[in-house]
Every structure is written in structure tokens, then in C-alpha cells.
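Okay everyone, thanks for coming. Have the model open on your screens, and let's walk through how its pieces pack together.

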Amino acid sequence: MKLHEYQAKDVFADAGIPTPASQLASDVDGVVAAAEEIGYPVAVKAQVQVGGRGKAGGIKLAEDEDEAREAAESILGMDLKGYHVDQVLVEEAVDFVNELYVGITMDRGEGKPVAMVSTKGGVNIEEVAEEDPEAIAREHIDPSFGMHPYQARKAVYDAGVDQSVARDVSSVLTTLYQLWDEKDGADAEINPLMVTSDDEVIAADAVMNIDEDALFRQPELAEMEEEASSGDELEQKADEYDFDYVRLSGNVGIIGNGAGLVMTTLDLVDHYGGEPANFLDVGGGAKAQRIANALDMVFSDDNVDSVVFNIFGGITRGDEVARGINEALEQFDEIPKPVVVRLAGTNWEEGMEILNEDLVTVEQTLEDAVQRAVEYADEVEA
Amino acid sequence: MSVLVDDDTRVVVQGITGGEGKFHAKQMMEYGTNVVAGAVPGKGGQEVEGVPVYDTVHEAVEEENADTSVIFVPPAFAGDAIFEALDTDLDLAVAITEGIPTQDMARVNKRLSETDTRLIGPNCPGLITPGEAKLGILPGNIFSEGKVGLVSRSGTLTYQVVDNLTNRGMGQSTAIGIGGDPIIGTDFVDALELFENDPETEAIVMCGEIGGEDEEEAAAYIDEHVDTPVAGFIAGRTAPPGKRMGHAGAIVSGSGTGTAESKISALNDAGVPVGDTPEEVADHIEEFLA
């Protein structure tokens, strides 16, 4: 779960990391009022969950009321890389002499958290990591001890941060690690961490991704989740049903169990000349209602022309799956889109006895099921 | 010979009184696995499916000589359950639980490096040596005894590939689902080493997916150390960059590594053919065994 910038900044500021004065606004007058209160110049920043907002026109500087109004009008309501902008953060524009990067993430290869510092802040840090990996100092942290202050200092000095701000940057990094640790962060980043001519450091942006699996013990952050949701109606519905779901651009709907098998089903749809409409993993051990919900999800997508169900039961049982499919389809006088079912694994024979074959097309193998679903989708398009 | 597990393995099931724990303890026993105890705090003294339940893993080890644990404990408590398994010096702990917070697993990972216990998982289907024992939730009926070692990050994809192999008469020596989480115990390299040293295993299937660099590391290891022929499969070729596809690990960073292409080409460079479909993987294995 990714927090919005304004949410992450609140979390960082509460922990003592310096952030610019800012206010959230959702209409033009609100932006102007906020700017007057903060004092010009201000930055007006779209609050959507995508990177590269500046380049895409989602961040604008305003020196006076006219410019603030203009910025607000162009950003509010805009479509930014597929996301509708409903809110902007109006923020004190910081006069800086340097931009740094600091971040904490989990290094999955090492199985340990890693703290990162770079003097090449303010740009796409992934590109820096790719082209000039030496420009990012890295310090692995033992998660059972946490980050020692010397480790923060070491990363800061290794990165070549100027001595005049090294203490303050170390302190920001230490706080960032503590937050990451306490809040079950997946990533916590400040890019840029601006350095002013008075040798102050200030977090001009804030990124905080929370480990979804840990939300059960982060009730305050879980509350922010609704506000932070992506804005895509189908993806919101998937959140309600608690599915791993990704909407794609094709017309063959895909439901399966287990991420690897669902991805494989997508790949096979592509292999046989079709285009996947979505990734939907019902997860392990899905009961009948969950299966019915999955069908409801995929039927709700207007782009879907056919659906392929690929279940290979381990912890999931074929009889439950069949019951769910029947439940979902028996409510229709006419099935809205053809459904191809392939059941294998635990209790698949029981499932095949239960499954109402008048409502679906049954195939024995994954390959046949996918090809049939692609054919159906092609017929609809033709 | 078998890899990691055989019919002498003495299993304690952590979380045996829960729905999944109970169902799969029974399934494991029906398959022939020697389940000797359960461990559930507060449930000591009960019996489940004829198996005595203890409050702690320590007791299960003392009373029943358990040497292996299979963990069906809910995610909030699973990290602690793995610590408990590690604290009793078991030979092997298999964590089935999905959704354990990553930071808990980072702490487990640290502790793991200080013990001799091998961990498989979490978020995995477990492992099976057909005809001997299965530890976890794999559907036993699709497996058959044979010479193919299989290691996979995805449970259901494992079943798919096994089904393709079994249907064509190619049985398995051992199949290991290592799990799809960012931090896992046994990884591809560990499993490949086990198969390379197992005289029964004559060919290996390695199923990977987008995200992380484990497959690239495995390819380098195969190039250097593995003589047994390996065929691969990589799921997620059509996954859009930047989207999380179910598994926490399955995110393409867009920085060149971790993509299906980078994994496939690393494997190809190491002499490993990668199938476009699970059926093609079976084709490659058939050629190896011919």
C-alpha cells in the first residue's frame, strides 16, 4: 500500500523530519487560500500514486495568485498517467543549493534492510542506480538490532555528503529507518532531500510504501488506505473482495489460483494470440463465495469478451470452485460472457460432478482451455 | 535416495488444530507421511486425527522425537512459530503460511543463518518425495515416482508442470516449492545443489517468475556447478512493468533485471532451455531422459 505524498509527509513530520509548510486543497479557491497562508512562491503538486509527476505536468511553481490559480486549474481534474487528480498539495517552495537522496528498502537478495544515500538526488534514482551504481552509498542493517548511528554516518560519508549537513542527514536517515521499522515499511524514501543555503535539510518529497501483509498491526495506516486507493473502480472492487487483481488492456478475462499459475495463464493467452484483460488470483483455499465474487469482478469489466477459469487445486478444492461457479452463473437467464473452466488437482473429480456443464465450457488441459477462451473472444470481436 | 524427506521423517505440525492444519495433517498421513505430533499453544493434551498435540514444539521433540516441522500458523503468529522451530534444532521446517510480514521474515532470516535448520518457504506448497512422504499442501495424487527433480517459486505452477510430466510417464524424485515471497529460506541455488548431489535425480525442472534476481543467480550457479540437465519455465512474460502480480516478489522494477526476458536469457546462456508453455518444458525433459 502506497501512501500519498501528503500522508507520508505527515508521518515523516510527526517523527521529526523537517518538511516544508504545506496544505491539501481540492479546488482552485482552496489552492489560492493555502498559498496566501503559506506565502509565495509555492509548489502545487498533484496527489496521485505515480512517479514522474513533474515531467507529466503534475507539479507547478507559482510566484503569485494568478500563477497559483493557473496551476490549480491545469492540475486539478487532469488525467495523470491514467489517474484522475482530485487533490493537490500546496507547498512552500524551498530555495535549495543541493538535492540529496535518502531511502530505506528491503534488499531481497540479502534478506536484510538496506539504507541508501546519494548526492545525486532530485532525479530518477532508478536511473542513477542503473547507470552509476557507485553514486549510491549502501549500508545493510541487521533487522534484529536496527540501524546503529555509526551506520547512518558511514552511509552519509560514503556518499560524499558535505560535512556541514552530514549530521542532519544522518539524523534524517536514522529517523527514516525507525519509521520504516515501526510502520512495517516496504520502502521509505526522500527524493529530494533539499539542502538550503543556510545548511538546513528539508524533505521536499516523501514516499512511503507499507507492507500490505503487516497492515493488521498498523491500524492508523490501514485507515489511510482508503484515501490512498488508486481510483480505478475495478481495482477498488478487487480491494473490497480482497483479490490480487491487475487490470490489463485485453479482452480475455483470467481467473486462477496462485500467482505463478495465473501469470502462466496470461502468458498462454498471449502465446495463443489473445490479449489478457486482467490478472485475478483468488488465492489459496478459496471457498464458493469467493469464486462467485471473482466471476462478478471479471464480468464487471466491459472489455472482457470471454473468461478462462484455471484452477489447479492444492489447498483449493475443486468442489468449492464448482459450487462458486454454479452460484455465480445460475443467477443469469443468459450467461453474459462465455466461461471456459479447467479444473485439476484436489477434489477435481467431485468438482466436475457438481459443475453445471450447461453453463460453461469444460476443457481438460490448460492449453485447450486457454485456446478455447481466445477463440470465444475472437468470435465476439469478429 | 530422496532429497530432504523420506518415510523416516518425523513430522510435527504446528497449527494442527486449525482448519488447514487439520485437513492437511490428515492428507499428509494418508499419503504416508509420518506425522508424530502437533504443536499448538493452549491445546496440549488433545488429539487430532489420532496424533498427540503439545503446547510447544520443544515438547513434541522431547516426547515424539520430531525432527521436522510443517507450519500452518496464521500470518500474524507465523514468524514466531518459525523462530520456535529454529529454537528446537529441527532438521527441517516447512512454512506453508502465506502473508507473513516481510520484516518478520528478515528477522527469521537472520536467526536462520545462526542455526543448522533448513527452512523451506514461507508461502509455499511444501515438498514431496513421491512414494515416500509429502510435507505441505501439494495434491499427492498428481505426483509419481521417478527421476525428475523439480523446484518452483509457485505452488500451482508446480502442480501444472508435474501434471504435464506425470501424464507423459515422467515421475519425480522430489518436488520442492520454495515459495514466492521476497525473503525465503531455501532458494533455487540450494535446491539445485541438493538435486545435483542426488543420484536419483537425472533431470531438473526450475520454474521461476518475474521479480527479484534469484533466477539469474541460479543460472550462474548452473553454469558453474550443475551437470544434471535443467529445463526452465518463467511465468510473467506478459506482466506489465511496475504492477505487483500477486506474489510480493513478482514486481518488475523496470531496471533491466527481474524481467522475464532477463531471466530467460540468463538461463539460456547457462545452457538451460526455457519452455514457452508447461508442455514444452515436459518436451525438454523428455529429450534429456531419452
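Let me start with a definition: a helix axis here is a line fitted to C-alpha atoms over the stretch in contact, and angles run from 0 to 180 degrees between N-to-C directions. Helices (H or I, at least four residues) and strands (E, at least two) are DSSP runs, numbered from the N terminus. Two packed helices are described by the angle between their axes and the distance between the axes.

A bit of housekeeping. This is a predicted model, where local features need pLDDT of at least 70, side-chain atom pairs count only at pLDDT 80 or more, and totals for chains, interfaces and linings use all residues. Residues are numbered from 1 along each chain as its sequence is written, chains are lettered from A and ligands numbered from 1 in the order in which they are written, and side-chain values use heavy atoms, with hydrogens and water left out.

Helix H9 of chain A (residues 259-271) packs on helix H5 of chain B (residues 155-167) at about 60°, and their axes are 5 Å apart. So H9(A) and H5(B) are oblique to each other; angles under 35 degrees count as roughly parallel, over 145 as roughly antiparallel, 65 to 115 as roughly perpendicular and the rest as oblique. Who touches whom? Contact means heavy atoms within 4.5 Å, and here Gly260(A), Leu261(A) and Thr264(A) meet Thr156(B), Leu157(B) and Gln160(B). That contact has two nonpolar, four polar and no charged residues. For those classes, Ala, Val, Leu, Ile, Met, Phe, Trp, Tyr, Cys and Pro are nonpolar, Asp, Glu, Lys and Arg are charged, and the others, Gly among them, are polar.

Now zoom out to the two chains. How many residues of chain A are in contact with chain B? It's 48, and they meet 54 residues of chain B. Buried area is the accessible area (1.4 Å probe) that two parts lose on being put together, summed over both. For chain A and chain B that's about 4200 Å², with carbon and sulfur atoms giving 56%. Arg108(A), Met263(A) and Phe312(A) supply 17% of the area that chain A buries against chain B, more than any other three residues.

H2 (residues 28-38) and H3 (residues 65-75) of chain A pack at about 140°, axes 9 Å apart. That makes H2(A) oblique to H3(A). Among the residues in this contact are Val28(A) and Ala35(A) from H2(A), and Ala68(A) and Arg69(A) from H3(A). The classes come out as six nonpolar, no polar and five charged.

Then there's H8 (residues 233-241) with H10 (residues 288-299), also in chain A: the axes come within 11 Å and cross at roughly 175°. That makes H8(A) roughly antiparallel to H10(A).

Most residues other than glycine have a negative phi, and most peptide bonds are trans. The bond from Tyr40(A) to Pro41(A), though, is cis, with omega near -5°, and Pro41(A) is in the loop between H2 and strand E2 (42-46) of chain A. In chain B, a cis bond joins Gly121(B) and Pro122(B), omega about 10°. And Asp184(A), not a glycine, has a positive phi of about 55°.
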